[in-house]
Amino acid sequence: MNVKPQLLSLKAYSPGKPIDEVKRQYGLTKIVKLASNENPFGCSEKVGEALTSLADQFALYPDGAAYALRQKVAQHVGVQPEQLLFGSGLDEVIQIISRALLAEGTNTVMAKPTFSQYRHHAIIENAELREIPLKDGTHDLEAMLGQVDENTKIVWICNPNNPTGTYVNEADLISFLNRVPKTALVIMDEAYYEYATADDYPNTISLLDQYENLIVLRTFSKAYGLAAFRIGYAVGRADFIEKLDVTRLPFNTSSIAQVAALAALEDKEFLENCINENTKGLQQYYEFCEKHNIKYYPSQANFVFMEVGDGNEVFQRLLQKGYIVRSGAGLGLPNGIRVTVGNQEDNEQILALLEEIVTGSPKEEKCL
Ligand SMILES: *Cc1c(COP(=O)(O)O)cnc(C)c1O
């Protein structure tokens, strides 16, 4: 059977190594996975409690409109309920928007490297890709603007950017929005929004009224620790959200995910604690890099990219010790690794291993 020819240039998503496989392969008992920016502290205890109430409802379809969660998120974000579109993770929201806007003859502008799914769906929809190299690890908004024309349907701004953790500040974003044609949708992917602590990190929700071509993406997978449930959302203008909703599958978010997200929003203390721990954890990595003169990107997210040398090699050496990180090779930055900030102890241990690697002692056998 043949598929659309453009699919042949793509591969199905390959997640980090599964924990059980690594245990078997290297005969290890403890594995620490710092590869997918999952929350090292799990999720709020309120989530498990809330889920027990669902046990008698497994035979029923979920509420396709996610009514209760919609009310709660609208209040939480400070928008009207009609301004929200829920997806099975942001991955699905990215697919929904790409499907609704991109086609042959259109183009889409994004950074390089950035989150891989923007590119993936653009290719499936046969849109032209315009990838603009990062400048010092950050979106080069001026160069991106230079690539926008009347056929540009989407400009992706991953803020903070995955895999570098760098961010676009409010003044630069506003200057960009003032000049980009209104025919191009500007998507702010704020998957790590809760972790961002910079004073000049943009308040994008407050810009929605003024910029009709703006949309903001947020997820429960990262700081809320609900990656298993698959739930995220877009916030935009109600008339645009209504049009996008047509491409959404009828029951795309499960009852379980909706209830989990609702409960997670109730626990502000858990979230605050995770953010504080993350900020401290980032500092551990920065200190290490400064001590060893290793280039890194200051991060507004829960991961840090460090130029520790050949990404694949460092990945392998950490893997043998039970630490799973991401090699930069698969992320477009082959001279380093992306590490999710873990709990304090895991950070210390991985940094001790990295210290051996970067200082060359004690010598390890190479295994590649
Ligand atoms: C993790 C991530 C997503 C996808 O998150 P889900 O809601 O789990 O699908 C989207 N964008 C960025 C930048 C991410 O890092």
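**Notebook: sheets, domains and local geometry**

I began with strand 5 (152-158) and strand 6 (residues 185-189), which run parallel and are joined by five bridges; I take strands as DSSP runs of E with at least two residues and helices as runs of H or I with at least four, numbered from the N terminus, and I call two strands paired if DSSP finds at least two bridges between them. I note that this is a predicted model, in which local features need pLDDT of at least 70 and side-chain atom pairs count only at pLDDT 80 or more, while totals for chains, interfaces and linings use all residues. Residues are numbered from 1 along each chain as its sequence is written, and side-chain values use heavy atoms, with hydrogens and water left out.

Within the pair I started from, I found isoleucine 157 opposite methionine 188 in strand 6. I then traced the open sheet of seven strands, whose order is 2-8-7-6-5-3-4 and whose pairing is mixed. Its edges are strand 2 (84-87) and strand 4, each of which pairs on one side only, and the twist from one strand to the next averages 20°; axes are lines fitted to C-alpha atoms, for helices over the stretch in contact, with angles from 0 to 180 degrees between N-to-C directions. Helix 4 (residues 89-101) packs on this sheet and touches strands 2, 5, 6, 7 and 8, contact meaning heavy atoms within 4.5 Å, and its direction makes about 155° with that of strand 7 (214-219).

I looked next at the open antiparallel sheet of three strands, in the order 9-12-11, where strand 9 (303-306) and strand 11 (326-327) are the edges. Strand 9 pairs with strand 12 (residues 337-340) over four bridges in the antiparallel sense, and valine 304 stands opposite valine 339. Helix 11 (residues 311-320) packs on the sheet against strand 11 and strand 12, and its direction makes about 40° with that of strand 12.

**Domain interface**

I read the bounds from the domain assignment, which is automatic or from a database: domain 1 (5-43 + 269-359) and domain 2 (59-266). Their C-alpha centres lie 25 Å apart, and each domain brings 29 residues to the contact. About 2300 Å² is buried between them, 64% of it on carbon and sulfur atoms; buried area is the accessible area (1.4 Å probe) that two parts lose on being put together, summed over both. Gln6, Leu10 and Gln300 supply 28% of the area that domain 1 buries against domain 2, more than any other three residues. Helix 10 (268-291) gives the most to the side of domain 1 that touches domain 2, with six residues.

**Salt bridges and local geometry**

By the same rule I counted 13 salt bridges; in one of them lysine 30 pairs with aspartate 346, the closest N and O atoms being 3.5 Å apart. Lysine 30 lies in the loop between helix 1 (19-26) and strand 1 (32-33) and aspartate 346 in helix 12 (residues 344-359), so the pair ties together parts that are 316 residues apart in sequence.

The peptide bond from lysine 112 to proline 113 is cis, with omega near 0°, and another cis bond joins asparagine 159 and proline 160. Asparagine 126, although not a glycine, has a positive phi of about 70° and is found in the loop between helix 5 and strand 4 (128-133).

Note on methods: Salt bridge = Lys/Arg side-chain N within 4 Å of Asp/Glu carboxyl O.
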